[in-house]
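Please look through the sequence and the structure below before reading on. The report that follows takes up a few features in turn.

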Amino acid sequence: MRAQPLLAVDDVERAGEWYRKVLNARSGHGGQDYEQLLVDGHMILQLHRLDEGHHHGTIGDPSLARGNGVAIWFETTDFDGTVARVREAAADVVTDVHVNPNAGHREIWLRDPDGYLVVFAEPA
C-alpha cells in the first residue's frame, strides 16, 4: 500500500507550480482541474480543484479553511536543498528550521498557497 494524498485547492495550476518548485517534482498530469506531482517517477501528491465534482462530487466546502487539523508531511534526504527551494518560493514559514526534540531530526513547517500546513523533515 502507498499513500497518495489529494488536496482540494482553489487554483490547481498555481498550486501545482508551487509544489513542483518546493518538492523538485514534475507534473504527471497537468490541467486546470487535476494534477499529479511526481518525484523519481512516483506520484507523491495529487491536487484537485475544490469546486470540481467530476464523478464523485466536490472534495470540500469552499467556505471552510483548508486542511484544518491536517499536516502534509514529507521526509526528504535533501533537507538543505528543500529548505533552499522553500526560501526561493517565498513560502509562508510557520516554524523555521529547528530540531524536533522527540524525533531528533531537523524540520521546517510552512503554509502552502491554499493554507495547508506542510512539513519537511530529515529522515529519522
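## The surroundings of helix 2

In this predicted model, the buried residues of helix 2 pack against helix 1, strand 6 (92-99), strand 7 and strand 8. The residues of helix 2 that are buried are Phe-79, Gly-81, Thr-82, Val-83, Arg-85 and Val-86. Helix 2 is followed by Ala-90, a residue whose phi is positive, near 50°.

## Where the two helices meet

Two packed helices are described by the distance between their axes and by the angle between those axes. For helix 1 (residues 12-23) and helix 2 (residues 79-88), the axes come within 7 Å and cross at roughly 145°. On the side of helix 1, the residues that take part are Lys-21, Val-22 and Leu-23, and they meet Thr-82, Arg-85 and Val-86 in helix 2.

## The largest nonpolar core

The largest nonpolar core has 26 residues, of which Tyr-19, Leu-45, Leu-47 and Phe-120 touch the most other members. Two or more residues are given to this core by each of several elements, namely strand 1 (6-9), helix 1, strand 4 (42-49), strand 5 (71-75), helix 2, strand 7 (106-111) and strand 8 (117-121). The largest share, six residues, comes from helix 1.

Notes: Residues numbered from 1 in each chain as written. Predicted model: local features only at pLDDT ≥ 70, side-chain atom pairs only at ≥ 80, totals over all residues. Heavy atoms only, no water. Axes fitted to C-alpha atoms, helices over the stretch in contact; angles between N-to-C directions. Helix = DSSP H or I, 4+ residues; strand = E, 2+ residues; numbered from the N terminus. Contact = heavy atoms within 4.5 Å. Core = buried A, V, L, I, M, F, W, Y, C linked by side-chain atoms within 4.5 Å. Buried < 20%, exposed > 50% of the residue type's maximum accessible area, 1.4 Å probe, protein only.
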